[in-house]
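Reader: I'm new to this one, so please take it slowly. Could you pick a single part and walk me through it?

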Amino acid sequence: MIPIPRRLCTLLISAVIGAAAGSVMADSRPDITVAVAKNPSRLDPMAENSNVNARVMKNVLETLIYTDSQNNGALTPGLAEKWQLIDDKTLEFSLRQNVQCHNGETFDAEDVAFSLGPERFLGEQAPGWAIAQPYLGGLDRVEVVNAHRVRIHFKQADPLLELRFANWMSEMVCKDAFEAAGSWESWLKQPVGTGPYRLAEVKHGDYIKLEAFDQYWSDQAPAKSVTFKEVPEIAARIAGLKTGEYQIVTELTPDQFALLQDDPNTQIAGGPVRIIRVIAFDEQHPQLKNPKMRQALSYAIDRELIVDALYQGHASVPNGLQMKVFGNLYVPDHQGTPYDPDKARQLLKEAGYKGEEISYRYLQDYYTGEVNTAQILVDMWRQVGLNVKLELKENWGQIEDAPEGRGIFNWSNSAEYPDPLGQIYRLYGPEGWFQRNKTYQSDAFNQWGEQLKSTDKAKRVEAMRELLEIYERQDPPGTYLHTLPMLYGVRANLQWTPTDNPFMDLGARMLRIQG
Amino acid sequence: MNMLYILKKFSRALLTVLLIVTTVFVVLRLSGDPAIYVLGLDADPRALDAFRQQWGLNLPIWQQYLQFLGNCLQGDFGYSYFEERDAITAVLERLPKTLQLMGITGLCTLLIGIPAGIYAALHRNSWIDRLTMLVSVAGFSLPNFVLGIFLILLFSVTWQLLPTSGSGSWQHLVMPVLTMTVAEAAVFARFTRSAMLEVLHQPYMRTARAKGLRWHQAVCRHALPNAAIPLITVVGFFVGTLVAGGVVTETLFAWPGLGRLLVSSVANRDLAVVQIIVMLIACSMVLTNLVIDLLYGWLDPRVGSLRTGD
């Protein structure tokens, strides 16, 4: 018999016990099912910019910088362990060295360069350009310094450089897997990244199944698998949550709270996300050319009443079109528009309004409680003498079409970056939908908006103050209503903290499962 | 029944399919822009234009229509913008689930509805006749989604016997099939009863009994075949109501079939997918009605002769 050294023997036994313990641990994790109204059709975010894509795919594809929503959106290391601004156009990332892709390859600087390169994004011919361009369009080139260091150059100075790599469209993919897929169409069926879960199975119109990636660089995923199951009907989602078939259900509306609050096995989670529900005005409408008319529409709205009646404390009225997550650029002493029907009547009189009809286009509950909100608003406007007529539309295209008949319409303003450049100026500035469609024109707004692009903090704060004033009072392109909540029903044995955006983070940072 | 009769019916069926497909084509293309759905409202206008150009959406609608017809004739049914694959693949992937649901529902409907109607007619004015008719009125009046939610509350939430929604096992089939069968079987029971009652009072039934046939022999040989003629008309409508009921039932029970694909594709203006599903539905309805017309001619030779003017 060949003698085995004692140390080697100990090592072998430890390895066997370790492996066994590891497999037992892996097996003891539960499979969870999330019932959703809709799953994404295309899985690479650069092929589908949607909330439903972010909900699923941010568990699979990660960003270089992580946004800690529990800590007011603080930026913390993601795939990059550190980063520094070389100048106001260049950002250098030092990547983690222990990150593996789901296909077993090591994640390194080449993968970062590829994720943003011409095969996927950079250039008008790249498949991801059309969708990701509003986010990363300023990118000039990616320089690989060494295997774990990469420098990203932008064409112009950009105050959002860091934020751009912690948010939409900056998810990193793995080069080898992309090349192995052979085509963009094949890649969209099975994107490969570095997240705590990897794609296991996709059944269009039925479910997307993720499974825990055991070689994940940080804390292991708390669930063995997560299945995002399409259950379009909310009643069926709630029934499945009550029976325990589903552990989380999405798109809960406040009128269903009572069904879950009385059940000890279920709880309600979630709250406002970085989206503000707004009403948009078309200043080309004959009655809305005068800013006083638009101001009157805004003063006539009792926002608190809408929030109390429809959201039961799960939404709030913001202080203007801004969010606390903007940090230094949040203007705490800004005066929002109060509910003042007398002032609204006065403004209508000054504008010479004679009760002419103004159309208000809306969709069938695209937003939570949209129909109820629209009906309440029309009534509030009627009380001050405004003659607003509701027009139900089937889709966004119909709201956008035939601008000559459009007066007021529903919208939401998402802060795609926790910065006013990601919200107020992105949407109402020259690149935004409103100015592009000639719904709103304001030189003063654009002037201050350009100042917002400065990297000088004091200038940015000054610009934000002015933009809020123009939006709110001087020349309003619309008016805000309330923050928009994303609400979930969750089984009681899950401790899950939803983020302040549509991403359902089901990794160890946010999810604990008992029993 | 001759070849001319069959040919006339066949060409009328083709014309119907063409009309349906044309209407859907025009309405969908005029009422929504797929580029906005795929790329989003915030997308660069150049990207939106490039998308429209890539898929020929910037051409005049008649040109798009001719192109679409030409492609269909060559077996190219288009591309799903949303799923980034051939539309026919997306549709065929869902078809088996819908056929399964419709097939079992159809079978249950016929197996329950027709015997119930016959039994009620044969025992006219008895308590069982009244009960059958009461149940059938209730079943027909109850909307699918109300019954479906009621079944979920009862079988899943309260008794925990069946899964609330989804597909994959026989248990998943029970509630969707029951939801659709209740309404369909109710219609069949009522029609069968009326048809049978009419036939049972015909002179040839008295003649059959006078010839010495027993009651059940007279019913089987003379009443049932004659009552089948109006029933076949109902079968023609049946396929249509199955499709309509399927859309609601598939959505409620998260059944991954064509009904749900149709709803989401219409909402997203995924035009090629909608066209294929509509063509499939139109063809199946037209084909069913064609078969029924031909069956009429076979069951009742007077029909074929009258319509061809012989």
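Let's look closely at chain B: what percentage of its 310 residues is buried?

Author: Happy to. This is a predicted model, where local features need pLDDT of at least 70, side-chain atom pairs count only at pLDDT 80 or more, and totals for chains, interfaces and linings use all residues. Residues are numbered from 1 along each chain as its sequence is written, while chains are lettered from A and ligands numbered from 1 in the order in which they are written.

Now to your question: 35% of the 310 residues in chain B are buried (20 or more other C-beta atoms, placed from the backbone, within 10 Å of a residue's own). The C-alpha trace of chain B spans about 85 × 60 × 25 Å along its principal axes. Chain B has 13 helices and 2 strands (DSSP runs numbered from the N terminus, H or I of at least four residues for helices, E of at least two for strands). Of the contacts in chain B with a separation of 6 or more, 74% join residues 24 or more positions apart (a contact is two C-beta atoms, placed from the backbone, within 7 Å).

For one piece of this, take helices α5 (residues 87-122) and α6 (residues 127-141) of chain B, which pack at about 140 degrees with their axes 8 Å apart (axes are lines fitted to C-alpha atoms over the stretch in contact, and angles run from 0 to 180 degrees between N-to-C directions). Where do they meet? B:Ala116, B:Tyr119 and B:Ala120 in α5(B) touch B:Ile128, B:Asp129, B:Thr132 and B:Met133 in α6(B). That contact has 5 nonpolar residues, 1 polar and 1 charged (Ala, Val, Leu, Ile, Met, Phe, Trp, Tyr, Cys and Pro are nonpolar, Asp, Glu, Lys and Arg charged, the others, Gly among them, polar).

Chain B also takes part in the largest nonpolar core, which has 204 residues; B:Val273 and B:Ile277 are among those with the most contacts inside it (a core is a set of buried Ala, Val, Leu, Ile, Met, Phe, Trp, Tyr and Cys residues joined through C-beta atoms within 7 Å). Helix α8 (residues 170-200) of chain B gives the largest share of this core, 13 residues.

Finally, the neighbour: the contact between the chains takes 38 residues from chain B and 32 from chain A. On the chain A side, α8(A) supplies the largest share, 6 residues.

Methods: A residue is buried if 20 or more other C-beta atoms lie within 10 Å of its own, exposed if 12 or fewer, and partly exposed in between; C-beta atoms are placed from the backbone.
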